[in-house]
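The sequence and structure come first.

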Number of protein chains: 2
Amino acid sequence: MTEQTAPPTSAGEPTTTRGEQTRLLIRDTAMRLFRERGYAQTTMRAIAQEAGVAVGNAYYYFGSKDHLIQEFYAQSQVEHHAASRPVLDREDAFGARLAGVLHAGIDVLTPSHSFAATFFKTAAEPTSPLSPFSAESSGPREAAIALFGEVLTGSTTKVDAELRPQLPELLWLAYMGVILYWVHDRSPGQTKTRQLIDGVVPLIDRLVALSRLRVLRPVTRQVLDLIRTLRH
Amino acid sequence: MTEQTAPPTSAGEPTTTRGEQTRLLIRDTAMRLFRERGYAQTTMRAIAQEAGVAVGNAYYYFGSKDHLIQEFYAQSQVEHHAASRPVLDREDAFGARLAGVLHAGIDVLTPSHSFAATFFKTAAEPTSPLSPFSAESSGPREAAIALFGEVLTGSTTKVDAELRPQLPELLWLAYMGVILYWVHDRSPGQTKTRQLIDGVVPLIDRLVALSRLRVLRPVTRQVLDLIRTLRH
DNA sequence: ACTCGCACTTGAACATGTTCAAAGACTGTC
DNA sequence: GACAGTCTTTGAACATGTTCAAGTGCGAGT
């Protein structure tokens, strides 16, 4: 169905095959127009015209308008990783690391809030390849989960042995929740989302610490069993 | 922008004003086609043709194709209320009541799983009037929250005084979470969602009970303060 | 130099959600 | 019963995402 002729370059652009430049041109033009006019207001015709190519050409590189969104995700993910580096290198307390990475994620997304919000709906559709849970998104998802794995491995906090392997994914899930809130956040500068992060991180921190207590073991196990059951 | 000439009848259809029958005809035809073919595969032209009216006529009653979804919500909400009645009349333990109402909600939605899933994305868009958080949805939302209020008022369980007023909304939020999981649930008959409900209700139950303990008061308050801050 | 194959490009044609000016139908008024 | 006003209905026209058959041009093989 979708053309997959040109595999996306993983990091920089070292070997530009023939059409690779066109691909990048279209992608960047689209991103610019999305930012300038919003997603819905940016027509494929406008993207093509602005990029100086034919409409069909855009479809040669991107299966649909939605696929341009995926490009945005991928880009954001890489930026998120980069933006998290300083905190991860500096902090060693679990809470500080987690807060840092969550804030970094929102930092990266903030300039796009107005238009990102309008198209995050596409991600909510289960059948869409753009869903963060879909097989097609497994690449970026794994990368994101790995980032939260790093939050954990670099931290000094002790974590319950049974909880530990599940935790990165759970933290990523919490991050998805933060983004869901952020998308709906109408407060100026999305300050509410910042408050959410600052409020919720200590709770998670405390919860993780408590999970090691003998008295709470049954509860911890109960929760973990449930999660294991629920995920595919 | 949108025509609001004919206010929707709240419960039955006692006084059918002139065009009311047409409205119902179009609505029911749309629901049937959604169920038969799915949301995306059902064109406005098909709805109009099948209902025996002109395309523009459908737009006279429903501002957009998406607005037909809202009709579905409203309908489901009423059914959910009705389906919850038996449990609420029978049970008096908090956990049993909550589980009953959650299961009832999924019961009502189950026949529509295949097509409901594909359009729940519209609800995820913050700017959409279809968002469960939007002002336009406040009617159904209030009704739904009231339903969870009833879960609480009819129960024998003691609840922390500070938590009590917030709890119905929190339970509704949890219900939204269950639906989000349900939408993505690919297990046959969505049995995983049932497991989610059965697994999560005891946890909520225990949490609510624990909230009254003096030792946990600070945490309870902290959580409640955060929630108060976060909601508009 | 020629030509063959394939990556790339084109733009008209198509499908479908949405709009709108005009026409039709009903209700109350005189 | 004619008239005015409003509610309802119509269908053609429009906007935009998407498809596709037909080109275009570059590089390899001869």
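## Chain A overall

Of the 232 residues in chain A, 45% count as buried, where buried means under 20% relative accessible area, exposed means over 50%, and partly exposed lies in between (1.4 Å probe, protein chains only). This is a predicted model, in which local features need pLDDT of at least 70 and side-chain atom pairs count only at pLDDT 80 or more, while totals for chains, interfaces and linings use all residues. Residues are numbered from 1 along each chain as its sequence is written, chains are lettered from A and ligands numbered from 1 in the order in which they are written, and side-chain values use heavy atoms, with hydrogens and water left out.

Chain A has 10 helices and zero strands; helices (H or I, at least four residues) and strands (E, at least two) are DSSP runs, numbered from the N terminus. Along the sequence the pattern reads α-α-α-α-α-α-α-α-α-α. Taken along the principal axes, a box of roughly 65 × 40 × 35 Å holds the C-alpha atoms of chain A. Contact means heavy atoms within 4.5 Å. Among contacts in chain A between residues at least 6 apart in sequence, 68% join residues at least 24 apart.

The accessible surface of chain A is about 11700 Å², and carbon and sulfur atoms account for 57% of that surface. Accessible areas come from the Shrake-Rupley method with a 1.4 Å probe, and for residues only the protein chains shown count as cover. On this surface, Leu207(A), Leu210(A), Leu213(A), Val215(A) and Leu216(A) make a nonpolar patch of about 450 Å². Patches are made of residues with over 30% relative accessible area and no salt bridge; like charges are joined within 9 Å, and nonpolar side chains (Val, Leu, Ile, Met, Phe, Trp, Tyr) within 5 Å. Leu207(A) sits in helix H9 (residues 191–210) of chain A and is exposed, at a relative accessible area of 61%.

Glu91(A) is in the loop between helix H4 (65–90) and helix H5 (94–109) of chain A. With 26% relative accessibility, Glu91(A) is partly exposed. Leaving aside neighbours within four places in sequence, Glu91(A) contacts Ala96(A) and Arg97(A). From Glu91(A) to Leu167(A) the separation is 76 residues in sequence and 19 Å in space, C-alpha to C-alpha.

## The interface

The size of an interface is often given as the accessible area lost when the parts come together. Between chain B and chain A the buried area is about 2800 Å², with 66% from carbon and sulfur atoms; buried area is the accessible area (1.4 Å probe) that two parts lose on being put together, summed over both. On the chain B side, the elements that give two or more residues are helix H6 (113–124), helix H8 (167–184), helix H9 (191–210) and helix H10 (217–230). H9(B) provides the largest share of that side, eight residues. The contact takes 29 residues from chain B and 29 residues from chain A. Zero salt bridges are counted between the two chains, chain B and chain A.

Arg27(B), in helix H1 (residues 20–37) of chain B, is buried, with a relative accessible area of 17%. Not counting residues up to four places away in sequence, Arg27(B) touches Phe62(B), Glu71(B) and Gln75(B).

## Salt bridges

Over all chains, the structure holds 24 salt bridges, each a side-chain nitrogen of Lys or Arg within 4 Å of a carboxyl oxygen of Asp or Glu. Examples are tabulated here.

| Pair | N to O distance |
|---|---|
| Arg228(A) and Glu162(A) | 3.5 Å |
| Arg231(A) and Glu169(A) | 2.8 Å |
| Arg194(B) and Asp107(B) | 2.7 Å |

Arg194(B) lies in helix H9 of chain B and Asp107(B) in helix H5 (residues 94–109) of chain B, so this pair ties together parts 87 residues apart in sequence. Asp107(B) is partly exposed, at 43% relative accessible area.

The bridge between Arg228(A) and Glu162(A) belongs to a salt-bridge network that links Glu162(A), Arg221(A), Asp225(A) and Arg228(A). Arg228(A) is partly exposed at 35% relative accessible area, and Glu162(A) is partly exposed at 26%.
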